[in-house]
Amino acid sequence: MIAHVAGRTFSLNLGFARPAGLHDDMRAGWVSALVMLPQAVILAALAGMPPEAGVYASVFPVIVAALLGASRRLLSGPNTAVAVMTAAALAPLATPASTEYVALALSLSAMVGLLQIAGGASGLGRLLDAMPEFVVRGVTIGVGLVIVACQSTVVMGVLSIPGEAPWLTLWHAAAAFDRLNPCAVLAALVSVAAGVTVGRYRTRFLTPLVAALAAGTLCALLLDLALGSDAVNLERLGHLSISLLPLSLPAFAADELYVLKQLLVSAVAIAVIGALQTVIIARSIAGLDGQPANPGRELVAQGAANVAAALTSGFAGSGSFNRSAAHVSAGAKTPLAAVLSAIMMLAMVVVAEPVLAYVPTAAMAGTLLLVGWGLLRSTSPGRPQRGNRVTFWATLAVAATVLFAGLEAAVFWGCAAGIAGLVWRCATAAKNG
Amino acid sequence: MIPQVSRRPQRSGRTALLFAAAFCVSAAASEARKEAADPGTRRLDALPRDKHGELVRQGHRIFTRTPENARRYVGNGMSCSNCHLDAGTRPHAAPMWAAWGMYPAYLAKTDRVNTFEERVQQCFRFSLNGFPPAVDSHEVRAIVAYAQWLARGIPVGVEQAGRGYPTIARTGSDPNPLRGRELFARRCADCHGEGGQGRKENGAGYTVPPLWGFDSFNKGAGLARVELMAGFLKANMPQEKPDLSDQEALDLAAWIGLQERWPDPRKGLLRGVLEK
């Protein structure tokens, strides 16, 4: 009853749909919260942040983006590519998950947010439409490769060297072969197998990621029971200490301008990639709704969400394609569904905290391998056709640049190549015509 | 502290003033004595506010209130300073300043050479009944920085007097848990509770650590061994004035060792089968 009245008031104040839609929104909220929970923890690990930061980043920024955005069903929050970029930007500057690292992540998120707000308000967001297709696809493939490379050491249960290039991690993993922990490999394999199996028989509540995490954790618990946790020696997620209002302030120290300068370069790249994904998702959802998309407003909303992340101990994010898709297919109608999903996820984390503590990092790495593989498959360029051979190789070149030189370089050189190609075509056309 | 008072007061007003001044001085001195009782805190305040100083302070915070400051890895209600008394500074209570310079060292417990970081991990696994933090985690770095800071000026690799817990010489009679139970009720229960459950301050963690049960160390911890616990008790308990005899310490340790606690993480159901 109260929810009913609340729904009516909300619909009056914020232009939400009629209360009859509230039931759909509640149900979609539950599904989205369930999808979001493992991703919050996994993406935090990918960004080098403590798991609590992943939870916060999936709650407050999601609410802000949902309330400010033009699209009624877009779900924001931590995002794979943005998380990889955050780690790549911060790992050379501080040890992942340390206090300094978290402080830098807050500053980075605030910068990204402000850049996106500025871009959206000034209409620069329109330029994103001109981003060449092969750059977007190449970056996606590259991110998939980076994830697989970075998780190779975690799957083996050996320490990685923070701040090293992803392709070097592969080398270190091979060199550490004699030190690998068979229990970690087993837990990772079990989670991958569970994720693949559930992916075949897709159900509404048991998503592949949930199944992968649960199976990996169960496998680790059985190993503990059989061999003793000292011999199994798996690294665990550990107990979370969730605060309901985790206020934080990004620090800008004047005597560390050189750090901020380096952060700003990364912030520009993250802002562009994050904005690009948000706009692409908004456009595809708007296509479903039969409404025109409003990229400018979407960009401002995402920027505000990133500033909110900086103020609530989170880290930068963007629109999330897989969560938005689940959200829409679960029947979400209004932004209220996104708000509800965020609140429900926070409640679920608080309730499930004692169980989450036992999730091994190897199971999270196995789950991340699934995520990376999904990215690679979703953009598989297929066999190069005669006319598209240049695009095919350009895509692969961008992906390789991501792996070997970083995302910023890939976006920059990809766009440069796109512009050069444009100039070349114009020049050829002018000569012929 | 003898206050500086004029021997022959000429005027009562001046005498009163002098007495007041003397009172102030002695009050300040007693404050200083109280501070000196916790020299760690005073020395911590003198540390510069740079990155190293902050890491050492964080190490001290984690060390003294572990469940609050290293929540991720702690599975019970214990803090490091529950066994390493006085925040890891008291001799004969496994002080950090004596331990730091002795690692890497061979440990019979793992049958290999362990680094200081790995020793910290073992404390988390056994005494804190939790998950060991990774050796490059923030918590381990902070604790190592704190231990190294406490050990400054002390020669590396030289066995220090007061390292670890003392060993008790043979008393000639076996430890008797029944006598230990009696002794526990008489000497320990006032602080540690009738059921050894410790004492909790409302909301905050334990002020007196639990000796057994779900919130205490597990069966793999060093203090779960009777002879080590007896040495700890002999040297440090009761906390104000340790006065247990050798036999009393052994009896108490035997009684405490009989109680229920989490199982040893080194033991699994199939462990014996696989090793044969």
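Biologist: Which residues does Lys234(B) touch, not counting residues up to four places away in sequence?

Modeller: Lys234(B) touches Pro166(B), Ile168(B), Leu244(B), Asp246(B) and Ala249(B). Two residues are in contact if their C-beta atoms, placed from the backbone, lie within 7 Å. This is a predicted model, in which local features need pLDDT of at least 70 and side-chain atom pairs count only at pLDDT 80 or more, while totals for chains, interfaces and linings use all residues. Residues are numbered from 1 along each chain as its sequence is written, and chains are lettered from A and ligands numbered from 1 in the order in which they are written.

Biologist: Why is Lys234(B) called buried?

Modeller: A residue is buried if 20 or more other C-beta atoms lie within 10 Å of its own, exposed if 12 or fewer, and partly exposed in between. Lys234(B) has 24 other C-beta atoms within 10 Å, and is therefore buried. Lys234(B) is found in helix 10 (residues 226-236) of chain B; helices are DSSP runs of H or I with at least four residues, and strands are runs of E with at least two, numbered from the N terminus. Of the 276 residues in chain B, 39% are buried.

Biologist: What makes helix 9 of chain B roughly perpendicular to helix 11 of chain B?

Modeller: The axes of helix 9 (residues 177-192) and helix 11 (residues 246-257) of chain B cross at roughly 95 degrees and come within 7 Å. Axes are lines fitted to C-alpha atoms, for helices over the stretch in contact, with angles from 0 to 180 degrees between N-to-C directions. Angles under 35 degrees count as roughly parallel, over 145 as roughly antiparallel, 65 to 115 as roughly perpendicular and the rest as oblique. The two helices of chain B are therefore roughly perpendicular.

Biologist: Which residues of helix 9 of chain B meet helix 11 of chain B?

Modeller: Pro177(B), Arg179(B), Gly180(B), Arg181(B), Leu183(B) and Phe184(B) meet residues of helix 11 that include Glu248(B) and Trp255(B).
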